[in-house]
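Hi,

Here is the structure I promised to pass on. Have a look at it first, and then read on for what turned up when I went through it.

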Amino acid sequence: MLINKTNIAGLVLASALWSQIAMADVVEVKAVVTKFEPAVVFIKPGDSVKFTNMAGHDTVAIEGMIPEGAQPWKSAMGEEITITLDKEGAYVYKCTPHVGNGMLGAIVVGKVPPANLDAIKAHPENKGMIGRAVRQLEKELEAHK
Ligand SMILES: [Cu+2]
């Protein structure tokens, strides 16, 4: 390979990308009866969350309770989906068949407190079981300060 400025820039970029990939973590969230465990997880931008033991469950991001511009997710029933989150903020999600049993969770990416916490609290769906999950998220954020 001819060594010139373009090649060097490419190599530097490739190694920066590689070290980012090498440092990214995968955090496991397990479906246990009608709960996600742990219900609230803290990750870095670029980390992934893998949902396991999903027989009879799904995981669906709640619209308006994820950072603005972030990609919502929706798994198939029983799917052990792995999602990668790059955008900082809090993501609240539910299991469709068990949302009435309080089967919800939250993922906090990056900075604490997350920039969209007020938007989540002000969301009209912040009531009932979803409201309970939001309060649990707030409690965990307090403990994580
Ligand atoms: Cu479920």
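**What I found**

Let me start with a spot on the outside: V33 is exposed, with 11 other C-beta atoms within 10 Å. Before going further, please keep in mind that this is a predicted model. V33 sits in the loop between β1 and β2, and its phi is near 55 degrees, a positive value in a residue other than glycine. N53 is another residue with a positive phi, about 60 degrees, although it is not a glycine. You will find N53 in the loop between β4 and β5, where it counts as partly exposed, with 16 C-beta neighbours inside 10 Å. As background, most residues other than glycine have a negative phi, and most peptide bonds are trans.

One joins E37 and P38, with omega about -5 degrees; P38 belongs to the loop between β2 (35-37) and β3. The bond from V112 to P113 is also cis, with omega near -5 degrees, and P113 is in the loop between β8 and α2.

Now for the inside. Which residues touch the most other members of the largest nonpolar core? That core has 28 residues, and the ones in question are A90, Y91, V92, A106, I107, A133 and L137. At least two core residues come from each of β1 (26-32), β4 (48-52), β7 (89-94), β8 (104-109) and α3 (128-144). The biggest contribution is from β8, which gives 5 residues.

Take β7 by itself for a moment. 6 of the 6 residues of β7 are buried, so this strand is largely enclosed by the rest of the structure. β7 pairs with β8 in the antiparallel sense over 6 bridges, and in that pairing A90 stands opposite V108 in β8. β7 also runs antiparallel to β5 (residues 60-61), the two being joined by 2 bridges. There, A61 stands opposite Y93 in β7.

Then there is α3 itself. With 17 residues, α3 reaches 24 Å from its first C-alpha to its last, close to the 24 Å expected at 1.5 Å a residue. Which residues of α3 are buried? They are I130, A133, V134 and L137. These cover an arc of only 100 degrees around the axis, which puts them on the same side of α3. The general rule behind this spacing is that an α-helix has 3.6 residues a turn, so residues three or four places apart point the same way. The cover over the buried residues of α3 includes β3 (40-43), β7, β8 and α2 (117-122).

One more residue is worth a click: W73. Is W73 buried, exposed or partly exposed? With 17 C-beta neighbours inside 10 Å, W73 counts as partly exposed. W73 has its place in the loop between β5 and β6 (82-84). Leaving aside neighbours within four places in sequence, W73 is in contact with T59, A61 and I83. The C-alpha atoms of W73 and I83 are separated by 7.8 Å, and the two residues are 10 apart along the chain.

Cheers

Note on methods
Residues numbered from 1 in each chain as written. Predicted model: local features only at pLDDT ≥ 70, side-chain atom pairs only at ≥ 80, totals over all residues. Core = buried A, V, L, I, M, F, W, Y, C linked by C-beta atoms within 7 Å. Buried ≥ 20, exposed ≤ 12 C-beta atoms within 10 Å, placed from the backbone. Helix = DSSP H or I, 4+ residues; strand = E, 2+ residues; numbered from the N terminus. Expected span 1.5 Å × (residues − 1). Arc of directions from axis to C-beta. Contact = placed C-beta atoms within 7 Å. Pairing = 2+ DSSP bridges.
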